[in-house]
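Open the model in your viewer and keep the sequence panel beside it. The tour goes from one selection to the next.

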Amino acid sequence: MRRWLVGVPALWLVAFFAGPFLLILKVSLSQAVVGQPPFTPLFADGGFRGSLVNFAVLLEDELYVEAILASLALAASSTLACILLGYPMAWAIAGAPKYWRAPLLALVALPFVTSFLIRVYAWIGLLRPTGFLSALLQSLGIIDGPLALVPSTFAVALGMTYTYLPFMVLPIYASLEKIDPALTAAAADLGAKPGRVFWSVTLPLSLPGVLAGSLFVFVPAVGEFVVPELLGGPGTPMIGKVIWQEFFNNRDWPLASALAVVLLALLAVPIALAQRAGAPTAEGLR
Amino acid sequence: MKQGALAVESLTKRYGAVAVLDGLGLDIDAGSFFALLGASGSGKTTLLRLIAGFEVPDSGRIALDGADLTGAPPYARPVNLVFQSYALFPHMTVADNIAFGLRREGMAGVELDRRVAEMMALLRLDGLAVRKPRQISGGQAQRVALARALAKRPKLLLLDEPLAALDRGLREHMRVELKRLHAALGTTFVLVTHDQEEALAMADRVALLDQGRLAQLGTPEDLYERPTSLAVARFIGRINLMEGRVAGTGEALLVEIPGLGTVRARPAIACPPVGDPVAIGLRPEKIDFGDGDNARSATVTEVTYLGDQSVYRLALGGGVELRTTRPNRDGPAARPGERITVSWPATAALIFPTGAG
């Protein structure tokens, strides 16, 4: 019975991850043509016709390398912002009286009730030169003229931090909530003041949650398409946006596929690292 | 002069409307092995948390060697606690666990290493320094918890049900080990337990708590041989109870028990007047087989063989039932259905007033 249960996620992965990935990999090895489908077949005239030409193009053209680097940097800063905002939130919820925790967690997840697109558009309303924030700062006399925060790279980072914050709060909360209260009591009993209890006991024991939350934020943030499209200007060529353009504007499916493959390979690195650290980190981080 | 004398004065702690501790007062001598014994809900755990500083009392005072501790936070008290779950830091090695409290005092370098090594030797933890808590056994984890709490050389060590999580063999071994540690260190040990055997076996003095009040404080022998109330007599060990009325006072107290006639008992501290209802308490092992003081004939109704001893259930006149034990030196002393004579010395019969009625 147990052995069969493993088959469920395995089947899911084959159908919705391995299959599509192999299709993309196949397309990435062919060349773009005008036609239907818009790429050459992998096997033609009785032989293998695939090549790594598209991957070579990616490395040669600075645009793609820059887009990847910019995406990684933006995802990293959003992840960091999520940790800095999310940890205190999770900590406060975990420390709240028991009957408050469920409602507070529900509040964290509440934005999901509204459409993601509407929420991002709302940010445009808040951040644009005639928007709420600009008007508020002007009326307070902090700035003179209208403030143009959107479109900007800052707005993208802000939007992604906002979007992914719950994915950081929930795993950190879960790991904080699991910490035996006797451990912090023991630290206090042994002479640790509250700040030291946090640094020496609470924080290290909650790192697995921080690590999980960082993956949940970083991985989708790297490939994020909607937020940079709406809040970012032409100055933020994020990889998700570039893939979109290659697919739909340039109709260069093979190149877009190659970009997707490279992105996936890049994201596999932090996941693999986290996995290796993961088993011992549950208890083993110092 | 020995250190670690704890004074608890009229301590009250309420949770909502419930007084978990109700004006509790007791003194713990410096360097003694003291047990706080009680059933769950007796307030012993609350008292432990108040002494450690995890809770603040509603009223009353706790003082250690004359210094008031009542409002002090846990980290500022010269008191350390061995947690029931041990509460070892899972992300630290055994050595770092033991060093944790010392580092908070600013100890470092050679001095720290020496103290940690000393504690590890004292608790026989050699070779485990770099292990993590999940890599050691339950017995070892307990010794690490002890080493960690004792490393700071507290004036008073609190032990919260220290043997509850251990299996039987290990438990008896740890009892001896704790007595050895106490004798070697001279620190005041305060054991909190619901297990009377544990309290009687280890402590010099035992405080029995009942519903937030002190039921009796004394040596283990005081509590077993001279319980001051029916509640204490019932909680500590096993006891046979017979209801009757005082029929006469004098050298021995005469008690009239329906169906048994008049029996002789040890006079209580406050001797109840003639006619008052009382209960006679008789420890099972004090009943003799054969003629003597308070001799009565009885029928053996049940024999339970326990190896080293057997338990006999006896039916006396008037529906009185007694339970007694005999060591099995030459096999069982009686068989079911047998008619025998039993007796008990007047001094073995404890008297408890049962109030008017």
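Which domains does the domain assignment give chain B? Domain 1 covers 6-232 and domain 2 covers 238-353; such bounds come from an automatic or database domain assignment. Colour the two separately. Their C-alpha centres lie 39 Å apart.

A note before you select anything. This is a predicted model, where local features need pLDDT of at least 70 and side-chain atom pairs count only at pLDDT 80 or more, while totals for chains, interfaces and linings use all residues. Residues are numbered from 1 along each chain as its sequence is written, and chains are lettered from A and ligands numbered from 1 in the order in which they are written.

**Stop 1: chain A overall**

Select chain A. It has 12 helices and two strands; helices (H or I, at least four residues) and strands (E, at least two) are DSSP runs, numbered from the N terminus. Along the sequence the pattern reads α-β-β-α-α-α-α-α-α-α-α-α-α-α. The C-alpha atoms fill a box of roughly 80 × 65 × 35 Å, taken along the principal axes. Of the 286 residues of chain A, 34% count as buried. Buried means that 20 or more other C-beta atoms lie within 10 Å of the residue's own; exposed means 12 or fewer, partly exposed is in between, and C-beta atoms are placed from the backbone.

**Stop 2: where chain A touches chain B**

Now show both chains. The contact takes 19 residues from chain A and 21 residues from chain B. Two residues are in contact if their C-beta atoms, placed from the backbone, lie within 7 Å. On the chain A side, α8, α9 and α12 (253-284) each give two or more residues. α8(A) gives the most, with six residues. The chain A side divides into 11 nonpolar, two polar and six charged residues. Here Ala, Val, Leu, Ile, Met, Phe, Trp, Tyr, Cys and Pro count as nonpolar, Asp, Glu, Lys and Arg as charged, and the others, Gly among them, as polar.

Zoom in on α8(A), residues 181-189. Its buried residues are Leu183(A), Ala185(A), Ala186(A), Ala187(A), Ala188(A) and Asp189(A). They pack against α9 (194-222) of chain A, and against α1 (44-52) and β6 (79-82) of chain B. Step on to Gly191(A), which follows α8(A) and has a positive phi, near 105°.

**Stop 3**

Cross over to β6(B). Which way do its residues point? Val79(B) and Leu81(B) point one way, Asn80(B) and Val82(B) the other, and all are buried.

Select the whole sheet. It is open, with six strands in the order β6-β7-β8-β3-β9-β10 and mixed pairing. β6(B) and β10(B) (213-218) stand at the edges with a single partner strand each, so one side of each is left without a neighbour in the sheet. Two strands pair if DSSP finds at least two bridges between them. β6(B) and β7(B) pair in the parallel sense over four bridges. In that pair, Val79(B) stands opposite Leu156(B).

**Stop 3: helix α4 of chain B**

α4(B) is mostly covered: 10 of its 13 residues are buried. What covers them includes β6, α2 (94-104), α3 (109-122), β7 (156-160) and α5 (168-185) of chain B.

**Stop 4: the five-stranded sheet of chain B**

Move to the other sheet. It is open and antiparallel, in the order β13-β12-β11-β14-β20. β13(B) (261-265) and β20(B) (349-353) stand at the edges, each with a single partner strand, so one side of each is left without a neighbour in the sheet.

Select β11(B), residues 240-248, and β12(B), residues 253-257. Three bridges join these antiparallel strands. Val246(B) pairs with Val255(B), and Gly248(B) with Leu254(B). Four residues lie between the strands of this hairpin, where Gly250(B) takes a positive phi near 160°.

Finish on β14(B), residues 277-282, which pairs with β11(B) in the antiparallel sense over six bridges. Glu243(B) stands opposite Ala279(B) in β14(B).
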